[in-house]
Amino acid sequence: MVRIFVGTSEVEDKFIERILTYSLYKNSSSDLDITFLRPSLFEGWNQRGWGTPFTCFRYAIPELCNYKGKAIYMDCDQINFRDITHLWNTDLEGKAFGMVWDSLNLNPGEWEGTEWERGWYSDSVMLIDCEKAKKHMAPIAEIKKSPNSYKYDFMKLMGCPKDRTLIHKLDSRWNSFDGFVTDDLEAVHDRRLHKRYDADEIWQLHWTSLSTQPWHPKYNGFGKSTHARPDLTDILWKYAKIVKDIAQ
């Protein structure tokens, strides 16, 4: 049984949530146990500084699993194209987390002169060893009261160049940001110059640019614009039709 947790809103992301679920089951050779992390399940959380309605719920996963076994986390704004069992069976080599390197969000300043200036690890897809993660994460009671987003505390721990023993680097095809190759260490600040995957090379597509998400969730305060990859949006609308037909 592959245990998956999906960060999502209460209702605004139902469109993409259904498509992600369909794609996961369509491609999986294993039984799936999918839990949606919605705001209604986490009452009393301080959500100040969150970019989405579910930003910090992912950090509750190890405790929700009683610090036992493995779990996969993913944001809801994704589509799966490869058997998620392969991600589940990834050898973390004794580390607590598996994440994709994100060179699209560069980090000048604090990490200048180090490889961390060239990017960060992304927690929008994670393979988690819940037992090993316990000593690196605050308990739910502490996270829910955090006066600022716990995400920054967590990612700073994950990105600290003094300790590289926590994260196993996943193949970037498991979290392809809008079709980009995210682990290009030669990346530059201009996204237009980044390498891109062909559609058939992507294992899991992540619609990360909120302004170009085709379903435009209401909590998104950014302007609406057209996605730069019509080949990917064509796949989205194809899946949307299939899901709609199944529901009828």
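**Exercise 1. What span should the 14 residues of helix H1 (residues 14–27) have at 1.5 Å a residue, and how far apart are its end C-alpha atoms?**

Before you start: this is a predicted model, where local features need pLDDT of at least 70, side-chain atom pairs count only at pLDDT 80 or more, and totals for chains, interfaces and linings use all residues. Residues are numbered from 1 along each chain as its sequence is written, and side-chain values use heavy atoms, with hydrogens and water left out.

Solution. 
- Helices (H or I, at least four residues) and strands (E, at least two) are DSSP runs, numbered from the N terminus.
- The expected span is 1.5 Å times one less than the number of residues.
- For H1 that should give 20 Å, and the end C-alpha atoms are 20 Å apart, so the two agree.

**Exercise 2. Find the buried residues of H7 (residues 230–247), and work out where they sit around the axis.**

Solution. 
- Buried means under 20% relative accessible area, exposed over 50%, and partly exposed in between (1.4 Å probe, protein chains only).
- The buried ones in H7 are Leu232, Thr233, Leu236, Tyr239, Ala240 and Val243.
- They cover an arc of only 120° around the axis, which puts them on the same side of H7. The arc is taken from the directions from the helix axis to the C-beta atoms.
- Why does that pattern make sense? An α-helix has 3.6 residues a turn, so residues three or four places apart point the same way.

**Exercise 3. Describe how H1 and H7 pack.**

Solution. 
- Their axes are 10 Å apart and the angle is about 90°. Axes are lines fitted to C-alpha atoms, for helices over the stretch in contact, and angles run from 0 to 180 degrees between N-to-C directions.
- Angles of 65 to 115 degrees count as roughly perpendicular, so that is the label for H1 and H7.
- Contact means heavy atoms within 4.5 Å. On the H1 side, the residues that meet H7 include Phe15, Ile19 and Tyr22, and their H7 partners include Leu236, Trp237 and Val243.

**Exercise 4. Is glutamine 213 buried or exposed, and what does it touch?**

Solution. 
- Glutamine 213 lies in the loop between strand E9 (204–206) and H7.
- Its relative accessibility is 1%, so glutamine 213 counts as buried.
- Leaving aside neighbours within four places in sequence, glutamine 213 is in contact with Asp77 and Trp207.

Terms used:
Angles under 35 degrees count as roughly parallel, over 145 as roughly antiparallel, 65 to 115 as roughly perpendicular and the rest as oblique.
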